[in-house]
Amino acid sequence: MRFKSLSVVTVIFTVLLACHGTVIAAERITLSSKCPPSFEKLENGLCELRSLYEFYNSPAGFGGLKTPLPEHQGGYSAEQIDLGRYLFFDPLLSGDKTKACSSCHQPGKGFSDGLARSVGIDNEVLERSAPSLWNVGFLKSLFWDGRAKSLQEQAKGPLFEKKEMNNTIENLEFSLNKNKTYRALFNIAYPESRTISVNEVSHALAAFQSSLVSLNSRYDRYAHGDQEALTEQERIGHTVFRSFAARCSQCHTPPLFTNQQLAVTAAPEPEGKEFDVGAEKISGQASLRGAFKVPTLRNITLSAPFMHSGALADLESVISFYNNERGHAVADQELQLHWHLVNPRLNEDDEFALLAFLKTLEDETTLPRVPEVLPSGLLLKEAPMYTAQSIP
Amino acid sequence: MNTTKSVIYSFMLFNILNICSINAAEILVNDGELIQDAIRKAGKGDTIKVMPGTYKETLYIDKENVTLSGVIIKGRRPLLDGENTRNDGILASGHGVVIENFQIQHYKANGIMTQGANNFIIRNNIVIGTSVYGIFPQFGKNGLVSHNIVSKVEDAAIYVGMCDNVDIVYNETYNSVMGIETENSHDVLVEGNFMHDNAVGFVASLVPGLPIKTAKNTIVRNNFIVNNNIDNFAPPGAIAAGLPSGVGAFIFAADEARFEGNIITNNVSAGIVFADHASLGASAPPDPAMDPRPDKAQVLKNVFVNNGLGPKDDIAALLEAAGIKKGPDVLSTGKGRKNCIQERSTITEAGTERWSECDADVTTVNVRSYRLEKPIESKALTLEQKGRITYLSVCTGCHTYATTIIGPPIAAVQATYKGKPEELVKYIKKPVKKWPGYPEMPPQDYLPDDVLLETAKYILELKP
């Protein structure tokens, strides 16, 4: 009885503190030893993704309905994945403790942020939009221009980028090592490491992000054989999607709905923003001027606005952008446009059907839970939106 | 003992007969009906027979082992008409699809396209005037494209893309930008085809920017590659638009192209052209993950007559710069390694200084086909594995053992269905709202019964 009232007081106290934006206690946080949904815990203790696409046996793993997925980058323990979840939402990772990974990759917004271009640490508008993280564990290159080759490499980008989270390796390691809760949690997830280094941080962040898997949409049910999973309009849309008039599926190849290649589509920039040369800057190749990585379309309905700098407000605009003359939106640049860009001259019914089909790629059943309390005791400035599934 | 055995045997026999009768359904489509309705009704292994008539549809086949077969009566075959407004004629993604005996014309994109389908057969179709490709299997292993007649196509009449183990045999292609093209494919046999009056007769290419990064081993044998001299009418922007006209065969960075026994005549630019990504036709940006050179080509014994009599397009410019007037039988424009020609003294060449003479005994005749002896089966997983994978990949999104995330905990399911996996399967296939406070579960009846039964058993035996 006594205990109960005490804890009520603590809760009220915590809530009050929380309202003032100060630090709150973070005791009793522990790491889950269970693998996330869709993952199997192997005998070696590591979590491995399971999907119905394992039933299929095709070459190379590209295209068509019943084809296997590309290899998933797994090999993480349940504890590492769960530690990554806390780190992902914790503003302690930024230089001034105001930005977390989740500030720009919000679970309630398709792991993007609803903005055309993301906003960095001093409220500065960045160059590009925040890509969705769904199924990011399958990708062989990351960032819009594909410059990182692993999730671990990627994580170190925004952490130490001045305009984004503006941290330093020394400060990151210092603030984590100073934190008693994090020391305990890292000790569970990485028992062999004596102190916390940036490598464990990026490893855990990669572990968590690799668990963001969306493979149980209505489209998937159709692919596995349920012909009633899609409505007639959606089935027509699917056929438009893979038709060689529209050619969407040539780059947004199922089952991931991306072929992971760079493509020059000549998407427009938002008004007033200068042309983004994309992968040309990384590769030095003129042919990649304006090239960006083909994004996945899974959960695409959740992450408007669209394209690398968010110039297109909704999917209707994206469809009309592609249902137009190639290169029409960027007239003043010499670009080697992708050869699949042709004006498909889709009629209005086809456009609506295509839009309906894109909605069938929604699936958030494995949406992770947002931590109620963070090990740092900090609060998120942009409170991540809770969805029905993540309410405790 | 004996009686038991014979009972078992007769039971097995009965089952085999039963399976055969279940699997051999035939669905008839008459003129005026929709073919797609029949495809919708069809099950695995069914044959759809389509009577002569005109069908104005885009068809899609997403089921396995469906045969779509036109019925030809006194020369009349079913016509699929795109009227230049529909996108594609037939799209098929089901493994083991057979498409035969149709006439397909005037579609905005492709006539017949397979996507990710293995074990496909496309034969005896007439395809006319489709804007992109006539017949285009893409992402598939183990296929046959035979006895088709394809014409008036603005890109390749027959195009095999990112496929392995395909035979393209006994087809006629004409009045198209390319007669037959293989792209980023492996182990392809192109034999006995008549490729005439195209801009280019045959093309084997390694196209940059695609997820498959190599193109290897194409046998081009006993074909007639004749009079491929029409102007290139590919739309601007297409890679095909960069191809020079008047070429019998064009090898674009693909490795191990082997020519034997072909009749290659009256192609005004050149007989066979080998080019790398940096030279002719490179209208796509180079791909750093690819080897841009055509290597290990073999031009064995072929009949070359009257090629190169009036070079056109880029070939004309190239030859002029080198001071050569007549186009050669074999022209190499880029760097390639380990390429050779048999009986070199019989043909004309240009740019092949680094090529060698092939050994006299090299031949492809021992390869009769690149198709596989048996169709590719689905992955050999045990039922136990399939049940476990199904639970982990589908069910755990909503269910955990002890707690509630979306659906009820497995512990509660076990309490209700203990010892009754069949009952649980019934529920999984057709759920009714049963547990107050939980959303209704979507039906999972698209998986086979044996897999669902194993899934149910797995669920009932699951430990905390």
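In chain A, what share of the contacts with a separation of 6 or more comes from residues 24 or more positions apart? It's 67%, with contact meaning heavy atoms within 4.5 Å. Before you click: this is a predicted model, where local features need pLDDT of at least 70, side-chain atom pairs count only at pLDDT 80 or more, and totals for chains, interfaces and linings use all residues. Residues are numbered from 1 along each chain as its sequence is written, chains are lettered from A and ligands numbered from 1 in the order in which they are written, and side-chain values use heavy atoms, leaving out hydrogens and water.

Select chain A and color by secondary structure: you get 13 helices and 5 strands (DSSP runs, helices being H or I of at least four residues and strands E of at least two, numbered from the N terminus). Of its 392 residues, 59% are buried (under 20% relative accessible area; exposed is over 50%, partly exposed in between, with a 1.4 Å probe and protein chains only).

Now zoom to residues 232-242 of chain A, helix H9. This helix is mostly covered, with 8 of its 11 residues buried, among them A:Gly237, A:Val240 and A:Phe241. A:Glu232 is exposed, though, at a relative accessible area of 54%.

Hop over to chain B and pick B:Ala275, which sits in strand E28 (residues 270-275). B:Ala275 counts as buried because its relative accessibility is 0%. Last stop: draw a distance from B:Ala275 to B:Ala254, 21 residues apart along the chain, and their C-alpha atoms are separated by 9.0 Å.
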